Structures are given as C-alpha cells and as structure tokens.
Amino acid sequence: MSAAKQVDAIREAQHGKVSTRVPGHSMTGQGKVLDKAGFWPTREKVGSTQCECGERSPELDSNMKRRAWHRQHKLDVLSS
Ligand SMILES: [Zn+2]
C-alpha cells in the first residue's frame, strides 16, 4: 500500500465512514464472540473476538466494542 493510500485509510477509519479493509486483517462474525479456535461465532455475550492475523481481543461485553477493538487494531497495523 502506498503511503498516501495508508493515510487515506487511516483518516477514513478515524471518521468511521467506511470499514477499512486491511489485507490479512479481516474479522469473522461481525464482532460476535468467537470460539477458542478463533473461527466460529458463538452466542456468548461476553468474550473475545479474533482478527484473521491471529490477534485476540480482550474480553468485551458487546459486538460494538469488539468491532471497535478491531477497527483500532487495524489502525495500529496501518500506522506501525
Ligand atoms: Zn489483524
């Protein structure tokens, strides 16, 4: 990804306009709690989700918070 594109992606993500797609960092289950293998969404209300890269979120109590974690994770990836 070019530097200019990266900056665009970060800006868009910060404004929450689009869900930034970062190759290798998609998320299964729309913020649902994933099982320990990080693959199958479960019906749990509290728990962690996982990025495609294997990064595991902390235990969070809503899909919205888990999605926010993933958004931040992708920003961290883009800006590192
Ligand atoms: Zn990731």
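The following legends describe close-up views of a predicted model. Local features are given where pLDDT is at least 70, side-chain atom pairs count only at pLDDT 80 or more, and totals for chains, interfaces and linings use all residues. Residues are numbered from 1 along each chain as its sequence is written.

**View 1. Overall content of the protein.** The protein contains two helices and zero strands; helices (H or I, at least four residues) and strands (E, at least two) are DSSP runs, numbered from the N terminus. Of its 80 residues, 15% are buried. A residue counts as buried if 20 or more other C-beta atoms lie within 10 Å of its own, as exposed if 12 or fewer do, and as partly exposed in between, with C-beta atoms placed from the backbone. Among contacts with a separation of 6 or more, 38% join residues 24 or more positions apart; two residues are in contact if their C-beta atoms, placed from the backbone, lie within 7 Å.

**View 2. The surroundings of V33.** V33 belongs to the loop between helix 1 (3-14) and helix 2 (63-79). Because 22 other C-beta atoms lie within 10 Å, V33 is classed as buried. Leaving aside residues up to four places away in sequence, V33 touches T42, E44, G47, S48 and T49. K45 is 12 residues from V33 along the chain, and their C-alpha atoms are separated by 7.1 Å.

**View 3. The backbone at Q30.** Q30 also sits in the loop between helix 1 and helix 2. Its phi is near 55 degrees, a positive value in a residue other than glycine. With 11 other C-beta atoms within 10 Å, Q30 is exposed.

View 4. R66, W69, H70 and K74 are buried in helix 2. They cover an arc of only 135 degrees around the axis, so they lie on the same side of helix 2; the arc is that of the directions from the helix axis to the C-beta atoms. The face turned away from this buried side carries the exposed residues M64, Q72, D76 and S79.

**View 5. The length of helix 2 and the position of A68.** At 1.5 Å a residue, the 17 residues of helix 2 should span 24 Å, and the end C-alpha atoms are 24 Å apart, which agrees. The expected span is 1.5 Å times one less than the number of residues. A68 is placed in helix 2 and is partly exposed, since 15 other C-beta atoms lie within 10 Å. A68 and G31 are 37 residues apart in sequence, with a C-alpha to C-alpha distance of 8.6 Å.
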